[in-house]
Amino acid sequence: MRALRLWLRTGWGCGAGSLFAPRFPGGVKAGAWPRRAMAAYRTEGRGQPHSPGYRLFFKNEAGHYISPFHDIPLRVDSIEENDIPTKRARNDEYENLFNMVVEIPRWTNAKMEIATQEPLNPIKPDIKDGKLRYVANIFPHKGYIWNYGALPQTWEDPHRKDKNTDCCGDDDPIDVCEIGSKVLSCGEVIRVKILGVLALIDQGETDWKLIAINVNDPEASKFHDIDDVKKYKPGYLEATLNWFQLYKVPEGKPENQFAFNGEFKSKAFALEIIKSTHECWKALLMKKCDGGAINCTNVQVCDSPFHCTQEEARSFVESGCGGELNEITQVSSSLNKESNEEEQAWHFLGKWG
């Protein structure tokens, strides 16, 4: 457990010199806000994009394969000056600094997700009944209206009833809606500060939706809590509530429901939810709860019974996790046509605020 606690606290890995926390060039003084940082993660696509077999794997800055679910630290804790780790500045800004894995860029329709049931958890297309899934365009919203993704090292336990919603978790990392001005890319790992949270109830499951902003956004310094979103981006929260309420209606499903009557809760409330889901993830990685089909293979949590070596991780990828990822498959014209039709169709439901 000591190694696990060290990793969770600092982001240091198993081997000496393996650092997964971000590096801030030129040093950062206590209390300074780390707006720019060196890229610590890379991605490697395998298979043809927009096909069922496509997978986006993650590597650290040393070029080793890692899991974006388990090996990227939740918190951005460690700061370096001249490559020497220093004590983290303990103020509100740093306490609210988290890594986010981007799954779906704003304005796009293809549903991409961390493959929680596959080794190393690459990002993959969401598939239903053998077909790629696309979110509908519901007027006036085009695709996803934020950069959408998840916080690593969190898990909404499907066997644990949330005291706030009286519903169990949805078996996924906690979702994030990033509201900054830049359209990000699938697989980017960015640093965000949390502003609030919405409690979506999806088919009887708790599905928290965090509201956050990229710390490198030009307007990030204005945003500290959920009321700042109301002040500086009027209408965005209303649009977000409307989007989550209606996005499954074109599939023939009922409108989604919310806890707290659809009220967005504060940053302080959101941080408690993150803390709870992080504790659930730690129990998952230490095999102290029923993880079901979740794949917990990781490279960095040394005390975890699911820990693997770098060589084993590379073998998972190169073997194609069953062979289907090594061949670059051609996307059929019918699949491309289906994709275009899904992305270009519009639904007018007459409900938007």
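The sulfur of Cys-289 has its closest cysteine sulfur in Cys-280, 7.2 Å away, which is too far for a bond. A disulfide here is a pair of cysteine sulfur atoms within 2.5 Å, and searching the whole structure gives zero of them.

Before going on, the basis: this is a predicted model, where local features need pLDDT of at least 70, side-chain atom pairs count only at pLDDT 80 or more, and totals for chains, interfaces and linings use all residues. Residues are numbered from 1 along each chain as its sequence is written, and side-chain values use heavy atoms, with hydrogens and water left out.

On accessibility, buried means under 20% relative accessible area, exposed over 50%, and partly exposed in between, with a 1.4 Å probe and protein chains only. Cys-289 is partly exposed because its relative accessibility is 25%. Cys-308, at 5%, is buried.

Now the helices, which are DSSP runs of H or I with at least four residues, numbered from the N terminus. Helix α4 covers residues 236–246, and eight of its 11 residues are buried, so α4 is largely enclosed by the rest of the structure. Among those buried residues are Tyr-236, Trp-243 and Phe-244.

Next, helix α5, residues 267–285, which includes Leu-285. Is Leu-285 buried or exposed? Buried, because its relative accessibility is 0%. Leaving out residues up to four places away in sequence, Leu-285 touches partners including His-70, Cys-296, Val-301 and Phe-306, where contact means heavy atoms within 4.5 Å. Leu-285 and Cys-296 are 11 residues apart along the chain, with 6.2 Å between their C-alpha atoms.

Technical notes
Helices (H or I, at least four residues) and strands (E, at least two) are DSSP runs, numbered from the N terminus.
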